[in-house]
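Here are my notes for your read-through. Keep the structure open beside you and look up each residue as we get to it.

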Amino acid sequence: MAPGDGPADDALDAEAEALLAEVVRTTPRRRVRPRLAHPLHDAEDRQIDTPAGPVMAWRLGTGPAVLLVHGWEDDNALWGPLIDRLQADGRPVVALDLPGHGFSPAEMDVRDAAGQAVKAVAEAFGPIEAVVGHSFGCVALTAALSAGMRAERAVLIASPIPGDRTRAVERLRERAPAEVAERAVELLDARAATAPAPFDILGAASRMTARALLIHSLDDEGAYPDNSRRIAEAWPGAEVMWTDGLGHRLVAQDAAVLQRIADFIDGFDG
C-alpha cells in the first residue's frame with residue numbers, strides 16, 4: 001500500500017507511524033526529575049566528555065572498580081541495592097547516566113553513543129575490573145569492550161539483542177488493531193532496509209576474552225530470555241543464571257541475584 005493514496009490511507013499511515021514511534025523508539029524519553037541512587041550521594045561526581053557530549057558519572061572508593069551500566073530509559077538509581085552489596089564487600093563502584101538519560105546533558109543522537117560513553121567513563125574513572133549491565137546497558141558494555149575497554153569480568157542482566165525484528169513485530173501486533181499493526185510492520189521493514197546495521201552483539205560476544213555471567217528471569221517480557229542463552233553460547237566460557245518471577249527490572253535488584261553477581265566478581269564461578 002503506497003502512502004497518500006487517499007484520506008483513509010493517510011490516516012492509517014499516521015496511526016502506524018505513531019505506533020512505530022512508541023514501540024521502536026530511537027531516542028529515550030527522559031524522566032521529569034533525574035534520580036540519584038542513595039549510596040551515590042557520598043560519591044565523587046564528575047562530568048565526563050564523550051563523543052556524544054558530556055555524561056555524569058560517580059565513583060565510590062579507590063582502586064579497581066565495578067562499572068555499572070543501566071538500561072534504556074532508566075538511570076543510575078537502578079543500582080542502589082547492588083552498590084550497597086558491593087560496598088559491603090569493600091568494592092569500589094563507578095556508575096554513570098548514559099547519554100539521553102538522567103543527569104547527563106549528552107543526547108543519544110550519535111551512533112554508538114552509549115558504548116562510547118561507557119568506554120570514556122571507564123578511562124576517566126578507571127581502573128575497571130568488572131562491568132555490570134542491565135538491558136540496553138548490556139549492549140553498551142559489550143560495545144565498549146569491543147572498542148578496547150578493559151575488564152576481567154562482565155555481567156549481562158536481561159540483555160536484548162539489537163535488531164530483533166521478531167520482538168518488535170510482536171509488540172506492534174499486541175498494541176494495535178491488525179490493519180494498523182501490519183502497516184507499522186511494513187514501515188519498520190522499510191526503515192531497516194536503509195538504516196545502518198545494528199550492533200552485532202553475538203558477533204562481538206564471540207571475540208570476548210572477559211569472563212561473562214548472563215542473568216535472565218524466565219518471565220521477562222521486556223527482553224526474550226532466549227537472548228541470554230544465545231549470547232552465552234557465543235561468548236567463550238560464559239555462564240548463565242536463570243531465575244523466575246522477577247520480570248525485566250527487578251532481576252537487577254533481587255538479593256539472590258546480587259549475591260551471585262558479588263560471588264562472580266570475587267572469582268567464584270558457577
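At what angle do helix 3 and helix 4 pack, and how far apart are their axes? Let's start there, bearing in mind that this is a predicted model.

1. **Helix 3 with helix 4.** The angle is about 65°, and the axes of the two helices are 7 Å apart. The crossing of helix 3 past helix 4 is right-handed. On the helix 3 side, the contact is made by A114, G115, V118 and K119, while helix 4 brings in F136, A140, L141, A143 and A144. Sort the residues of this contact by class and you get 7 nonpolar, 1 polar and 1 charged.

2. **Helix 4, under cover.** Stay with helix 4, which runs over residues 136-146 and has 9 of its 11 residues buried. The buried ones are G137, C138, V139, A140, L141, T142, A143, A144 and L145.

3. **The nonpolar cores.** Now for the insides. The largest nonpolar core has 41 residues, and L67 and W235 are the ones with the most contacts inside it. Which element gives this core its largest share? That is helix 3 (residues 113-125), with 8 residues. There is also a second, separate core of 31 residues, with V66, V93, V155 and L213 among them.

4. **A closer look at L67.**

5. **Helix 2 with helix 9.** Here is another helix pair to find. The axes of helix 2 (residues 80-88) and helix 9 (residues 255-265) come within 10 Å and cross at roughly 45°, so helix 2 is oblique to helix 9. Helix 2 passes helix 9 in a right-handed crossing. From helix 2, P81, L82, R85 and L86 make the contact, and from helix 9 it's L258, Q259, I261, A262 and I265. By class, those contact residues come out as 7 nonpolar, 1 polar and 1 charged.

6. **Backbone spots to check.** Look for E73 in the loop between strand 3 and helix 2. E73 isn't a glycine, yet its phi is positive, at about 55°. A158 is not a glycine either and has a positive phi of about 55°; look for A158 in the loop between strand 6 and helix 5 (165-175). Are these residues buried or exposed? E73 counts as partly exposed, because its relative accessibility is 24%. A158 is buried, because its relative accessible area is 0%.

7. **A cis peptide bond.** Go to the loop between helix 3 and strand 5, where P127 lies. The peptide bond from G126 to P127 is cis, and its omega is near 5°.

8. **T243 to finish.** T243 sits in strand 8 (residues 239-243). Why does T243 count as buried? Its relative accessible area is 18%, and buried means under 20%. Apart from neighbours within four places in sequence, T243 is in contact with H216, S217, L218 and V251.

Technical notes
Residues numbered from 1 in each chain as written. Predicted model: local features only at pLDDT ≥ 70, side-chain atom pairs only at ≥ 80, totals over all residues. Heavy atoms only, no water. Core = buried A, V, L, I, M, F, W, Y, C linked by side-chain atoms within 4.5 Å. Buried < 20%, exposed > 50% of the residue type's maximum accessible area, 1.4 Å probe, protein only. Helix = DSSP H or I, 4+ residues; strand = E, 2+ residues; numbered from the N terminus. Axes fitted to C-alpha atoms, helices over the stretch in contact; angles between N-to-C directions. Parallel < 35°, antiparallel > 145°, perpendicular 65-115°, else oblique. Left-handed = near helix turned anticlockwise from the far one by under 90°. Contact = heavy atoms within 4.5 Å. Nonpolar A, V, L, I, M, F, W, Y, C, P; charged D, E, K, R; others polar.
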